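Let's take a friendly walk through one protein structure. Keep the picture beside you as you read, and look up each part as it comes along.

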Amino acid sequence: MKVYTRTGDDGTTALFGGGRVAKSHPRISAYGTVDEANAALGMARAALPTDRSAADDRVDALLARLQNELFVLGGDLASPGDVTYPVPRIEAEHVTALEAEIDALTADLPPLKNFVLPGGTPTAAALHLGRTVARRAERLVVETAALEEVSLEAIHYLNRLSDLLFTLARWVNLQAGVAEPVWAPVATR
C-alpha cells in the first residue's frame, strides 16, 4: 500500500463513512490538532530518562494509554454521527479515568501558590506542549460542534486531558527533584 493516494490533491479529504470535505473544514482542523497532541505525548515519552525509575515507567504507561485514546478520539471526530458501522468512540468512562489520574497525581503534589510556567525537565516541557495543543484541539472541537454534531464526551475528554497533562508535568518535575518554573510578575513601563 502506498502512503500517497493523490485523492487529496484537490484540497479535500474523506471522512469515515464516506463523504469528502475541504481540508480546511473545522472537523479536519479538530482531529488534526488531536494528532498534534498525540505527537507531543510521543515527544514526552521519548524525553523520559533511559535509566528509568518506577515513576518513569508509570508516566510511560499512562502516556501510552493516552496516545491510544487520542487515536480513538481522532477516529471519533473523523466519523460524523450518521456513520452506519461501529466506530470506537470516547465515552464517559474515559473522562472518569482521566479524573482519577488527576486526583491520584494531585495527592502527591504541593498546593499551587503561583502560576506555573512550562518547563522543568524535558518530559515536563513536552507535557506542557501537549497540554496547550490539547486546549487548542478542545477549542476546535467546540467550534465544530457549533456547526454539526460532535460528541460532548470528546469535548469533556480534551478538557480533562489538558488538566491531566498540567498535573502530570508538575508531578514529573517533582519526581525528578526539579523546581517548577513559576511566573514572577514584573512591572512594565
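This is a predicted model: local features need pLDDT of at least 70, side-chain atom pairs count only at pLDDT 80 or more; totals for chains, interfaces and linings use all residues.

## A partly exposed tryptophan

Let's begin with W183, which has a relative accessibility of 44% and therefore counts as partly exposed.

## The aromatic pair

How many aromatic pairs does the structure hold? There is one. Its partners are F115 and W183, whose ring centres lie 5.7 Å apart. A pair of aromatic rings is described by the distance of the centres and the angle of the planes. Here the planes meet at 65 degrees, so the pair is edge-to-face; the cut-off for that name is an angle over 60 degrees.

Now find the two partners along the chain. F115 sits in the loop between helix 3 and helix 4, while W183 belongs to the segment after helix 5. The pair therefore ties together parts that are 68 residues apart in sequence. F115 has a relative accessible area of 59%, so F115 is exposed.

## A buried residue in a loop

Next, look for T121 in the loop between helix 3 (92-106) and helix 4 (122-145). Is T121 buried or exposed? Its relative accessibility is 12%, so T121 counts as buried, the limit being under 20%. Setting aside neighbours within four places in sequence, T121 is in contact with V172, N173, A176 and V178.

## Two helices side by side

Turn now to helix 2 (residues 54-77) and helix 5 (residues 152-176), which pack with their axes 12 Å apart and at an angle of about 160 degrees.

Which residues make the contact? Helix 2 brings A55, R58, V59, L62, L63, L66, E69, L70, L73 and L77. Helix 5 brings A154, Y157, L158, L161, L164, L165, L168, W171, V172 and Q175. Sorted by class, this contact has 17 nonpolar, one polar and two charged residues.

## A last stop on helix 1

Finally, find D35 in helix 1 (residues 26-46). With 48% relative accessibility, D35 counts as partly exposed. D35 and V182 are 147 residues apart in sequence, and their C-alpha atoms are 29 Å apart in space.

Notes:
Residues are numbered from 1 along each chain as its sequence is written. Side-chain values use heavy atoms; hydrogens and water are left out. Axes are lines fitted to C-alpha atoms, for helices over the stretch in contact, and angles run from 0 to 180 degrees between N-to-C directions. Helices (H or I, at least four residues) and strands (E, at least two) are DSSP runs, numbered from the N terminus. Contact means heavy atoms within 4.5 Å. Ala, Val, Leu, Ile, Met, Phe, Trp, Tyr, Cys and Pro count as nonpolar, Asp, Glu, Lys and Arg as charged, and the others, Gly among them, as polar. Buried means under 20% relative accessible area, exposed over 50%, partly exposed in between (1.4 Å probe, protein chains only). Rings of Phe, Tyr and Trp (its six-membered ring) pair if their centres lie within 6.5 Å; planes under 30 degrees apart count as stacked, over 60 as edge-to-face and the rest as tilted.
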